[in-house]
Amino acid sequence: MFRYVLTAALALSATPVFANDSIAELGTGGLILSRSDAVAMESEDLYISPEKVTVDYVFRNNTDKDVDAIVAFPMPDIEGDPNEMPAIPDGQSDNFLGFEVTIDGVAAKLQLEQKAFALGIDISADLESQNVPFYPFGDAARAALAKLPQAVADDWVDRGLIIEDTADDGSGMKTVYVPFWQLRSTYWWRSTFPASKAVRVAHRYKPSVGGTSSVSFFYDGQFQGQYAAYKTRYCMDGTFENAIRKAAKSNPDGTPRYFENRIAYVLTTGGNWATGSIGKFKLTVDKGDPKNLVSFCGENVRKVGPTRFEMTADNFYPEHDIDILLLAPSRDGGSGG
């Protein structure tokens, strides 16, 4: 793929300021079909912004018989580590991305499959036996853990299901049990693809947007730290890097007044349809604010609006995931440019 970077003047979208360490983004992708030999993907229209991801598909059954299939949307795995909480749009819901889907304009009847693991072992039955919700970050799970019989709690600590966490809740230091298991979730539904007809499937969700409160690849007046990895992952070019240098020079302490937002879209899990390619593929990246900086890898990308950039391709085969880096000026002051 050609390197592609888009730069603009500086300011920030309404994204929360993170602590000095980073909050990790969760890579999320598209749909998976249970049968790939009969149903082709005529088109995919993918829109990615910090606020939402929407995907509009047109599938076509090219055979002379109806095809019944299961369609699945794997949610990203999440770990119940209180010290490593990722960026989660909804901290209290099993549907933590707010996933929705329609088929030819009608809401699909979704099923949710969940499994919990500790040390790679399925511990779903353990949680169910004590009425503990699988979702590790909600208040309900912590409340259920507080009611565990001591013998069960001791056993779960030994087996790595939970850990003890000591923190000040405002009334002094307290030790509580918190989840330490991994949650794997998949939304799925049954769908019929009529013979020789197209089916339109659309889904949307709020992305997991990772962040860092400063620019992790430029400090002390030079590119360093994660620079090499970022340059490869986000295809940062000279224009983008010059914008960082300019912002750093305008700040008395020599650092660019930006914080990072990162979005990861897993495109390579697709391809499980007839031919493995997408007849017509369209990607739109919306950086959210005309003053933000954005960098990502793409081919034949063009600007189609103040914040939107578009890539189109025919007979597209997804070989790489989509990683987007957004630099937004911090609220404590402006930067140069």
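This is a predicted model: local features need pLDDT of at least 70, side-chain atom pairs count only at pLDDT 80 or more; totals for chains, interfaces and linings use all residues.
Which residues does a disulfide join, and at what S to S distance?

1. **The disulfide.** The residues are Cys-235 and Cys-297, with the sulfur atoms 1.9 Å apart. A search of the whole structure turns up one disulfide. The pair links distant parts of the chain, 62 residues apart: Cys-235 sits in the loop between helix 4 and helix 5 (238–249), and Cys-297 in the loop between strand 21 (293–296) and strand 22. The link of Cys-235 and Cys-297 is right-handed, with 100 degrees about the S-S bond. Cys-235 has a relative accessibility of 6%, so this residue counts as buried.

2. Have a look next at the open sheet of eight strands, which has mixed pairing and the order 9-8-15-5-4-20-23-22. At its edges stand strand 9 (106–107) and strand 22 (302–303); each has a single partner strand, so one side of each is left without a neighbour in the sheet. As a reminder, strands of a sheet pair through backbone hydrogen bonds, either parallel or antiparallel.

3. Strand 8 (residues 100–103) and strand 9 run antiparallel and are joined by two bridges, with Thr-102 opposite Ala-107 in strand 9. Strand 8 also runs antiparallel to strand 15, and four bridges join them; here Ile-103 stands opposite Val-201 in strand 15. Strand 5 and strand 15 are joined by eight bridges, again antiparallel. Arg-60 has Ala-198 of strand 15 as its bridge partner.

4. **The two faces of strand 15.** In a regular strand the side chains alternate between the two faces of the sheet. Which residues of strand 15 belong to the covered face, and which to the uncovered one? The covered face has Val-199, Val-201, His-203 and Tyr-205, while the uncovered face has Ala-198, Arg-200, Ala-202 and Arg-204.

5. **Salt bridges.** How many salt bridges does the count come to? The count is 15. One of them brings together the side chains of Arg-233 and Glu-25, at 3.4 Å from N to O. Arg-233 lies in helix 4 (residues 227–234) and Glu-25 in the loop between strand 1 (5–6) and strand 2 (28–29), so the pair ties together parts that are 208 residues apart in sequence. Glu-25 is buried, with a relative accessible area of 14%, whereas Arg-233 is partly exposed at 37%. Both residues also belong to a network of salt bridges that links Glu-25, Arg-233, Glu-260, Arg-262 and Asp-323.

6. **Two further pairs.** Lys-206 and Glu-51 form a salt bridge through their side chains, 3.1 Å from N to O. Lys-206 is in the loop between strand 15 (198–205) and strand 16 (210–212), and Glu-51 is in the loop between strand 4 (39–48) and strand 5 (53–61), so this pair ties together parts that are 155 residues apart in sequence. Lys-206 counts as partly exposed, at 33% relative accessibility, and Glu-51 also counts as partly exposed, at 48%. Elsewhere, Arg-159 forms a salt bridge with Asp-126, with the closest N and O atoms 3.0 Å apart. Here the two partners are in helices, Arg-159 in helix 3 (residues 150–159) and Asp-126 in helix 1 (residues 124–129), so the pair ties together parts that are 33 residues apart in sequence. Arg-159 is partly exposed, with a relative accessible area of 31%.

7. **The second largest cavity.** The structure holds two cavities of 30 Å³ or more. By residue type, the lining has eight nonpolar, two polar and no charged residues.

Conventions. Residues are numbered from 1 along each chain as its sequence is written. Side-chain values use heavy atoms; hydrogens and water are left out. On a 1 Å grid over the protein atoms alone, a cavity is a set of points where a 1.4 Å probe fits but cannot get out, and a pocket is an open set with protein on both sides within 12 Å along at least five of seven lines; lining residues have an atom within 4 Å of a point. Grid points are joined across faces, edges and corners, and a volume is the space filled by probe spheres set on the points. Ala, Val, Leu, Ile, Met, Phe, Trp, Tyr, Cys and Pro count as nonpolar, Asp, Glu, Lys and Arg as charged, and the others, Gly among them, as polar. A salt bridge is a side-chain nitrogen of Lys or Arg within 4 Å of a carboxyl oxygen of Asp or Glu. Buried means under 20% relative accessible area, exposed over 50%, partly exposed in between (1.4 Å probe, protein chains only). Two strands pair if DSSP finds at least two bridges between them. A disulfide is a pair of cysteine sulfur atoms within 2.5 Å.
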